[in-house]
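Take a look at the structure below.

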Amino acid sequence: MNNYMSKNDLAKSLGVSLATINRKLKEIPHVKMGDSRQSRILFNPENVKEYLKKFEVNAERKET
């Protein structure tokens, strides 16, 4: 089984605030453990990595 991450763990690993994770929650793939508003939310690091690849900027520069 994969090592799932909490919202706090994800925020720390990405260097963003917990508020940013909460704002992007509808976009970031996650698992919600229950139906209530206070249910635990977990993230699969591999799925998050794939999600973030969509936003990569090509860092290659032409040498002059």
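Keep in mind that this model is predicted. Begin with Glu 50 and Lys 53. They form a salt bridge, and their closest N and O atoms are 3.4 Å apart. Find both residues in helix α3. They sit three residues apart there, about one turn of the helix. Side chains of opposite charge can pair when their charged atoms come close.

Glu 27 has a relative accessible area of 43%, so it counts as partly exposed. Lys 24 is also partly exposed, at 37%.

Now turn to the nonpolar residues. Which residues make up the largest nonpolar core? Ten residues do: Met 5, Leu 10, Ala 11, Ile 21, Leu 25, Ile 28, Ile 41, Phe 43, Val 48 and Tyr 51. Two elements, α1 (7–14) and α3 (45–53), each give two or more residues to this core.

Finish with one core member, Phe 43. Set aside its neighbours within four places in sequence. Phe 43 then contacts core residues including Met 5, Leu 10, Ile 21, Leu 25, Ile 28 and Val 48. Its other contacts include Asn 3, Tyr 4, Ser 6, Lys 7, Pro 29 and His 30.

Methods
Residues are numbered from 1 along each chain as its sequence is written. This is a predicted model: local features need pLDDT of at least 70, side-chain atom pairs count only at pLDDT 80 or more; totals for chains, interfaces and linings use all residues. Side-chain values use heavy atoms; hydrogens and water are left out. A nonpolar core is a set of buried Ala, Val, Leu, Ile, Met, Phe, Trp, Tyr and Cys residues joined through side-chain atoms within 4.5 Å. Buried means under 20% relative accessible area, exposed over 50%, partly exposed in between (1.4 Å probe, protein chains only). Helices (H or I, at least four residues) and strands (E, at least two) are DSSP runs, numbered from the N terminus. Contact means heavy atoms within 4.5 Å. A salt bridge is a side-chain nitrogen of Lys or Arg within 4 Å of a carboxyl oxygen of Asp or Glu.
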